[in-house]
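Dear colleague,

Please find below the structure that I am handing over to you. My findings follow it.

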Amino acid sequence: MGKPGTTEQPLRVAIIGAGPTGYYAADPLLRQEGVVVEVDLYDRLPTPYGLVRLGVAPDHQKIKSVTAAFDKVAAHPRFRFFGGVEFGKDVTLADLRAHYHQIVYCTGAQTDRRMGVPGEDLQGSHPATEFVAWYNGHPDYRDSQFDLSVERVAVVGVGNVAVDVARILCRSADELAKTDIADYALQALRASRIKEVYLLGRRGPAQAAFTNPEIRELGELADADIAVVPAEVELDPASRASVEKNPDRATMKKVEILQGYALRKPSGKSRRLVVRFLVSPVELLGDASGRVVGMRLTQNELYATPTGALQPRATDRFEELAVGLVFRSVGYRGVPLPGVPFNEKWGVILNEKGRVLDPDTKQPVVGEYTAGWIKRGPSGVIGTNKPDAAETVECMLEDLAQGAVRAPAQPAAAAAEALVRQRRPGYVSYADWRQLNELEVARGRALGRPRLKFTRVEEMLGALGR
Amino acid sequence: MNLATILARKGAQTVTVRSEQTIREGLALLARHNIGALIVVEGADRPVGILSERDIVREAARREDVFARKVAELMTRDVITGQPQDDLQSVAHTMTEKRVRHLPVVDQGRLVGVVSIGDVVKAQRDEYRGEAETLQAQLLADQPGRSQ
């Protein structure tokens with residue numbers, strides 16, 4: 001038999017994970033000239049779009065508009081979506097190997113890094129991602145509980161996720177009511193008694209990961225004043241030397257915006273958002289019942305590593321911050337998939353340019369690939385996954401040309417569909433999803449909101465008449 | 001973006017050589033792995049130097065017995081090393097200014113990978129492309145009826 005990739009025998013590809021990377025991998029495969037590819041996109045949830053639906057903040061609807069491009073990919077006649085079908089549970093690696101020439105893992109960075117400090121597991125200390133998944137209506141987290149009756153909250157980290165969490169906590173109910181935030185989260189946040197939210201960065205303002213539009217947005221909240229500690233937004237000697245050697249306009253602008261916040265006076269809004277720099281939690285403090293009541297912070301100073309990067313170093317100056325709720329957002333890592341080689345060091349699938357490697361021989365595992373955050377770790381914006389996925393697809397086509405593809409026993413689209421139907425009779429197709437989408441949008445329209453999400457799998461299947 | 005992001009998609013293998021090995025052995029490694037430099041390690045993967053193709057070429061132009069000599073004699077000892085958390089912007093600046101082509105990355109005293117200037121340029125390019133892609137998708141979504 002000849003190589004797959006023809007009309008008689010298309011190249012059959014399974015992509016695991018329907019986040020942005022899954023679509024970015026599907027797109028160039030389906031557009032190949034001279035190679036006929038069929039893509040089946042699997043997701044363990046009934047809904048596609050991954051973090052665009054369940055991570056991107058509800059008050060950032062514009063960012064979510066990227067889904068229009070994903071729907072265009074999905075409209076291709078050789079594309080299918082198998083929603084609500086979990087890899088390793090509903091379909092195993094052996095199943096996929098029997099049905100596909102190539103498999104691409106795009107499962108993202110699903111777990112958070114721990115701070116590694118005493119008291120981290122006290123009641124009231126949560127991963128920020130859990131809160132994000134909750135307010136975005138992720139079915140696995142919709143029943144999570146957060147005590148919003150406390151007055152003071154600390155969010156550890158100054159990356160995009162930390163900033164989202166702090167901003168959502170500071171938004172007024174009126175602001176949130178215009179978004180597609182999960183309905184139960186809207187109710188809970190409406191009753192929130194939070195007065196002060198701290199964002200804690202371990203390095204200085206020049207090194208903070210947030211972007212300038214994000215930090216500007218924090219200064220424009222309807223019912224929260226922004227504050228910084230003036231001394232913390234002055235450049236320290238190491239940062240000053242660094243920006244003088246390697247000037248960067250965006251960095252200078254960021255520092256300027258923050259220094260502007262130092263001059264602001266409280267305007268009487270009901271909440272206060274305090275952005276702190278050069279501090280790291282060293283311990284969370286609890287009361288007798290095991291609830292968080294505060295944290296001990298060490299003040300940091302910066303030093304230049306041999307490459308000129310600035311890293312924090314703890315000093316012997318400490319302070320205490322009284323907070324009743326803590327969200328940690330200090331980094332993310334991937335979760336190993338059953339049967340797929342994992343690189344513990346970096347928290348990604350063991351790979352080279354997207355080719356999955358055998359841990360013993362360090363040679364590629366034929367027919368298996370990876371892309372996105374589970375390939376390189378969490379970095380960049382949504383679109384960063386496009387060149388990343390393109391690199392993987394290049395490897396896939398190179399291997400196809402070399403004849404290095406799997407020879408599955410049942411390489412027919414119908415056989416894969418029969419398998420899915422047998423394992424998950426209620427799976428969600430793309431047409432089903434489009435129907436769910438319309439229902440959500442219609443439910444939202446009645447309330448003046450972009451959509452009202454279904455947040456339980458049974459609810460989604462029920463809406464589809466299953 | 002930091003150095004860990006680059007190393008995560010480079011497999012787990014870093015090609016190293018020991019200082020007591022010969023240049024002949026070093027050359028064989030360079031050829032077999034199609035790379036431009038070897039990290040010289042001692043003990044438990046502690047980097048002590050770097051041996052580049054240029055180090056070898058320079059010496060070969062001077063004398064003929066280069067193959068039998070020890071890596072220790074030709075390697076560059078004064079090596080700048082990176083840490084996984086070092087940000088790309090600082091690294092790109094330092095590698096360009098100091099003409100460094102290969103940067104060993106060290107975590108708690110152990111070598112965990114090597115980043116080349118090509119890796120850094122590619123990562124930066126992909127970062128810019130990604131940002132442009134995201135902005136473009138948002139702009140197009142604002143203009144109904146326009147397609148890509």
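Which residue takes a positive phi just after H15(A)? In this predicted model, that residue is Gly403(A), with a phi of about 80°.

H15 of chain A covers residues 385-401, 17 residues in total. From its first C-alpha to its last it reaches 24 Å, close to the 24 Å expected at 1.5 Å a residue.

Several positions of H15(A) are buried: Asn385(A), Lys386(A), Asp388(A), Ala389(A), Thr392(A), Val393(A), Met396(A) and Leu400(A). Viewed down the helix axis, these buried residues fall within an arc of 160°, so they line one face of H15(A). Glu398(A) and Ala401(A), on the other side of the helix, are exposed.

As to what the buried residues of H15(A) pack against, the partners within chain A are strand E1 (11-16), helix H1 (20-31), strand E4 (102-105), strand E20 (364-370) and helix H14 (373-376). Helix H6 (117-141) of chain B is a further partner.

I turn now to the contact between the two chains. Chain A contributes 37 residues to the contact and chain B contributes 33 residues. On the side of chain A that touches chain B, at least two residues each come from helix H3 (61-64), helix H4 (67-74), strand E18 (351-352), H14 and H15. H15(A) gives the most to that side, with three residues.

With kind regards

Conventions
Residues numbered from 1 in each chain as written. Chains lettered and ligands numbered in written order. Predicted model: local features only at pLDDT ≥ 70, side-chain atom pairs only at ≥ 80, totals over all residues. Helix = DSSP H or I, 4+ residues; strand = E, 2+ residues; numbered from the N terminus. Expected span 1.5 Å × (residues − 1). Buried ≥ 20, exposed ≤ 12 C-beta atoms within 10 Å, placed from the backbone. Arc of directions from axis to C-beta. Contact = placed C-beta atoms within 7 Å.
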